[in-house]
Amino acid sequence: MTEQQLIQPEQRAVIVGVQLQHQNNFAYSMEELRNLAAACYIDVAAELSQKASRVNPSHYIGTGKIEELRALLEAHEAELVIFNDELSPSQIRNLENDLQCTVIDRTVLILDIFAERAKTREAQLQVEVARLQYMLPRLVGLRASLGRQGGGSGLKNRGAGETKLELDRRRIEERITALQAELEKLVARRQIQRKQRKKNEVPVVCLVGYTNTGKSSLMNALMEHVNPNTHKQVLAQDMLFATLETSVRNIELPDNKSFLLTDTVGFVSQLPHHLVKAFRSTLEEVTEADLLIHVVDYSHHEYLQLVAVTDETLKDLGALELPTVYAYNKCDLTEHAYPRIEEGAIYLSVKEKAGLDELIDLIRSRVFQDYLTCELLIPYDQGKIVSYFNEHAHVRSVSYEEDGTRLSMECRKSDFDRFRNEVKVLSPLV
């Protein structure tokens, strides 16, 4: 049992969902709701679902289902109901009046997990803004439920302000404005860092994918693979949303090529729009990338659904058209052969460190296309150019001739163009 569970006793809950006519991923969505509840230390005792053409505007579910739900709560001695959708303020109020228990929705669960996992100042600010924006239209409906929840899940009385019940709309709006002003300063700092990276012409490779597919583990494995003595590993745990902060690491390859590897927050279906909006500055790291590595949990029985959710989120961010390599992870838990490259995708196992060389080769072929092979004769009085290429290019051979130093190498086309008038070009070979 973790320290968190000792502090916060496990609650029993019934989860509820409405399957609309056009919904073909309902079963998976409900399974995911169970996982989200588990991440908040909530024991799901029962499940109730209803097929309908539309949700009930007053109670989300029909009156007959309300009676079924009340019976389930009594039978399983559950004190919490979790709905697989975002409820309106009036729906929360009506349901709590009829059921006489705490009612929360999917959004609250995700906000709660994010609040638990946020470690950096920026992530904490983003989560707090999202939570306050969710609360704003629900102040009246939430008052009773917040009072009953105490230390339980769902906008717990901590973090976003100890006086939630007393906060009125004006004070919340003032708080949001203050937080957003602080966030803007942090965002401006990150934009300066991004501009600097572009100026340095270092390619950016971004890890994206569903939450808990192994992005952070892959980042650590790649860093360790190219530099066994590294101490710059990122947090990697088998849990939903272990990573909420964008981590950037420099991956230096043996041939003097390097790229920046970025680890991002994982995606989940129906990610609350408040969170997407609050985390937009963090997620914009994705749109600046030269290459996306879409990490997929290939052992998951619904892995295609995970891919679809990630693609939908990338589309919302305007990043779906970026060059992408699919990395099918956890192949050690499947029958699929690995490591193997098929049609530009790679099948690997981060746990067994199988497929890392192949992935690096794929990254090389995608992000170092602006390199060319050449032979240059550099006059002896231009020693600084030789030093530059020794540091920034892959020098294959060096010979000393009467007129200068002869370098056979692979270098950036921009570096070649920069010095071509100061040296003698013997053989540019693209």
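In the predicted model, four strands form an open sheet in the order β2-β1-β3-β4, and their pairing is parallel. The edge positions are taken by β2 (42-52) and β4 (102-105); each has a single partner strand, so one side of each lacks a neighbour in the sheet. On average, neighbouring strands are turned by 25° against each other, direction ignored. The parallel pairing of β1 (residues 11-20) with β2 extends over 10 bridges, and serine 49 in β2 is the bridge partner of glycine 17. Helix α3 (residues 63-76) lies across β1, β2 and β3 (80-83) and runs at about 165° to β2.

Across the whole structure, 21 salt bridges were found. One of them joins aspartate 255 to lysine 257, with the closest N and O atoms 3.2 Å apart. Aspartate 255 has a relative accessible area of 10% and is buried; lysine 257, at 5%, is also buried.

Lysine 330 is located in the loop between β9 (324-329) and β10 (340-342), and aspartate 297 in strand β8 (residues 291-297), so the pair ties together parts that are 33 residues apart in sequence. Both lysine 330 and aspartate 297 are buried.

In the salt bridge between arginine 420 and aspartate 417, the closest N and O atoms are 3.5 Å apart. Arginine 420 is partly exposed, with 39% relative accessibility, and aspartate 417 is likewise partly exposed, at 32%.

Conventions: Residues numbered from 1 in each chain as written. Predicted model: local features only at pLDDT ≥ 70, side-chain atom pairs only at ≥ 80, totals over all residues. Heavy atoms only, no water. Pairing = 2+ DSSP bridges. Helix = DSSP H or I, 4+ residues; strand = E, 2+ residues; numbered from the N terminus. Axes fitted to C-alpha atoms, helices over the stretch in contact; angles between N-to-C directions. Contact = heavy atoms within 4.5 Å. Salt bridge = Lys/Arg side-chain N within 4 Å of Asp/Glu carboxyl O. Buried < 20%, exposed > 50% of the residue type's maximum accessible area, 1.4 Å probe, protein only.
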